[in-house]
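Hi there,

Here is the structure I promised to pass on. Have a look at it, then read my notes below.

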Amino acid sequence: MNKVVKSLIYISSALIGIYAFFAYAFLELGNAVHPSMKVNFNAHALGIYAHIFPSIIALILGPFQFNEKFRLNQIQVHRKLGKVYLLCVFLGGFSGLYMAQFSFGGMVSHVGFSLLAILWITSGFYAYSSIVRKKIQAHKNWMVVNFSLTFAAVTLRIGLGIGFAIGLPFELFYPYLAWLCWVPNLLIALLIIKKDTSLQII
């Protein structure tokens with residue numbers, strides 16, 4: 001992965017994380033989303049906050065865990081941040097799975113966001129279990145998969161921006177974003193793993 005792409009991942013993760021933090025920490029709940037979703041957010045406020053804040057931490061920490069120099073020079077810090085990252089994945093994943101049942105867009109959204117949450121939790125579990133068993137390459141690969149799903153927070157908002165920019169009705173394109181925000185990310189992650197390590201994930 002070239003430096004430009006890596007830089008874009010760092011920057012976009014940080015910007016979306018900071019934006020989400022201020023939007024959900026300082027604005028009235030629902031003000032940062034489409035009006036069609038505001039009632040639902042307020043009806044499940046605890047679930048939203050339990051999903052958003054751990055996910056923000058995971059999104060911001062994630063890119064640094066892939067920095068080779070950081071891992072080699074600060075291995076203990078890398079391990080501690082990795083535990084924080086995975087804890088946030090599990091918290092954000094389970095709360096996300098709960099909130100997926102109330103997502104805007106009907107069954108298409110419910111299934112899309114539910115699968116995202118399940119794969120996020122599952123890949124996080126395998127990332128952790130592989131490093132416990134000292135399967136270093138498998139751990140790296142599962143973390144690539146996992147962060148590609150974490151990065152759905154970024155691609156979801158890019159998709160929203162594109163949808164609004166070209167004038168598509170929100171209720172038309174949003175359900176498909178429940179899939180488009182993570183399926184391409186996951187496919188790219190699998191291609192990266194296959195190219196670099198022949199898909200060693202066990």
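**What I found**

The lining of the second largest pocket has 29 nonpolar, 10 polar and 1 charged residues (Ala, Val, Leu, Ile, Met, Phe, Trp, Tyr, Cys and Pro count as nonpolar, Asp, Glu, Lys and Arg as charged, and the others, Gly among them, as polar). About 860 Å³ of space lies in this second largest pocket. A pocket here is an open set of points on a 1 Å grid over the protein atoms alone, where a 1.4 Å probe fits, with protein on both sides within 12 Å along at least five of seven lines; lining residues have an atom within 4 Å of a point. A volume is the space filled by probe spheres set on the points, which are joined across faces, edges and corners.

Before you go on: this is a predicted model, where local features need pLDDT of at least 70 and side-chain atom pairs pLDDT 80 or more, while totals for chains, interfaces and linings use all residues. Residues are numbered from 1 along each chain as its sequence is written, and side-chain values use heavy atoms, with hydrogens and water left out.

Now the largest pocket, with a volume of about 1800 Å³. It is lined by 50 residues, and Gln 65, Phe 66, Arg 71, Lys 140 and Val 144 are the closest to its centre. Helix H10 gives the most to this lining, 10 residues (helices are DSSP runs of H or I, at least four residues, numbered from the N terminus). By class, the lining of the largest pocket has 27 nonpolar, 13 polar and 10 charged residues.

Next, look at H1 and H8: their axes (lines fitted to C-alpha atoms over the stretch in contact, with angles from 0 to 180 degrees between N-to-C directions) come within 9 Å and cross at roughly 80°. So H1 is roughly perpendicular to H8 (65 to 115 degrees). Ser 12, Ser 13, Ile 16 and Tyr 19 in H1 meet Ala 153, Val 154 and Arg 157 in H8, where contact means heavy atoms within 4.5 Å.

Finally, there are 2 salt bridges (a side-chain nitrogen of Lys or Arg within 4 Å of a carboxyl oxygen of Asp or Glu). Glu 28 and Lys 38 form one, at 3.8 Å, N to O. Glu 28 lies in the loop between H1 and H2 and Lys 38 in helix H2, so the pair ties together parts 10 residues apart in sequence.

Cheers

Methods. Helix = DSSP H or I, 4+ residues; strand = E, 2+ residues; numbered from the N terminus. Parallel < 35°, antiparallel > 145°, perpendicular 65-115°, else oblique.
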